[in-house]
Amino acid sequence: MLPRARALPIARRLELNRSMFPVADNVTRETSELAAETLLASGQLRLRVTGASMLPALLPGDVLQFQSCDAEQTEPGDVILFHRDQRLVVHRVRSKTSEGLLTQGDALAQPDAPVSDAHVIGKVIAINRRGITLKHPRRSGLSLYLSRLLLGRSDLATRLLLRWHRPSPQAAA
């Protein structure tokens, strides 16, 4: 039997809580600050994906490697790490505006509120999936549009993708 929090359809959970972030679902403010300080001090950071807002590019259990950067060093298509409401968020940059960066999770139907330059911490440079290191997935055009169309509006498609993807035993540890 599923826990009560998972009983809601995925799209409804995304509407209720657009912060279904792929990194740090239950991270405290202190943990978020520590991750940001580590990234700024060392220039790199690794975090495990736990959410579904970046499907299919990022899957639960993937380990992301971030490089420290600021908003000026990002381009549309980059996947960035930023602070929002005392949490860490990983979403794709759609565009740059005068208010900041416009971001959106690949599986979400709507973009986020603009991210101010001061809240950008880093960007994804590599993904470790089941022991294999992949380059950062820069997606644009038709494939990104189709994944947003399908996953952003279909609970069934998202559930099937999550069921098909079984984290490796290493990811569960």
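## Burial and the model

Buried means under 20% relative accessible area, and exposed means over 50%, with partly exposed in between. By that cut-off Asp78, at 3% relative accessibility, counts as buried. The model discussed here is predicted.

## Salt bridges

A search of the whole structure finds three salt bridges. One joins the side chains of Asp62 and Arg129, at 2.7 Å from N to O. Asp62 lies in the loop between S1 and S2, and Arg129 lies in strand S6, so this pair ties together parts that are 67 residues apart in sequence. Asp62 counts as buried, at 1% relative accessibility.

Another salt bridge joins the side chains of Asp78 and Lys123, at 3.7 Å from N to O. Asp78 sits in the loop between S2 and S3, and Lys123 sits in strand S6, so the pair ties together parts 45 residues apart in sequence. Asp106 forms a salt bridge with Arg92, and their closest N and O atoms are 2.7 Å apart. Asp106 is in the loop between S5 and S6, while Arg92 is in strand S4, so this pair ties together parts 14 residues apart in sequence. Asp106 and Arg92 are buried. In general, side chains of opposite charge can pair when their charged atoms come close.

## The S4–S5 hairpin

Strands S4 (residues 87–97) and S5 run antiparallel, joined by five bridges. They form a hairpin with two residues between them. Thr97 stands opposite Gly100 in S5. Strand S5 covers residues 100–104 and is mostly covered itself, with four of its five residues buried.

Thr103 is found in strand S5. Thr103 has a relative accessible area of 0%, so the residue counts as buried. Its side chain makes a polar contact of 2.7 Å with the side chain of Asp112. Beyond residues up to four places away in sequence, Thr103 touches several others, including Ile80, Phe82, His91, Val93 and Val115. Arg92 and Asp112 are also among its contacts.

## Backbone features in loops

The peptide bond from Leu55 to Pro56 is cis, with omega near 0°. Pro56 lies in the loop between strand S1 (44–48) and strand S2 (63–68).

Gln86 is not a glycine, yet has a positive phi of about 60°. Gln86 belongs to the loop between strand S3 (79–84) and S4. Arg130, also not a glycine, has a positive phi of about 55°. Arg130 is in the loop between strand S6 (120–129) and strand S7 (132–135). At 46% relative accessibility, Arg130 counts as partly exposed.

Definitions and conventions: Residues are numbered from 1 along each chain as its sequence is written. This is a predicted model: local features need pLDDT of at least 70, side-chain atom pairs count only at pLDDT 80 or more; totals for chains, interfaces and linings use all residues. Side-chain values use heavy atoms; hydrogens and water are left out. Buried means under 20% relative accessible area, exposed over 50%, partly exposed in between (1.4 Å probe, protein chains only). Two strands pair if DSSP finds at least two bridges between them. A polar contact is a pair of N or O atoms within 3.5 Å; within protein, one must be able to donate a hydrogen and the other to accept it, and residues adjacent in sequence count only if both atoms are side-chain atoms. Contact means heavy atoms within 4.5 Å. A salt bridge is a side-chain nitrogen of Lys or Arg within 4 Å of a carboxyl oxygen of Asp or Glu.
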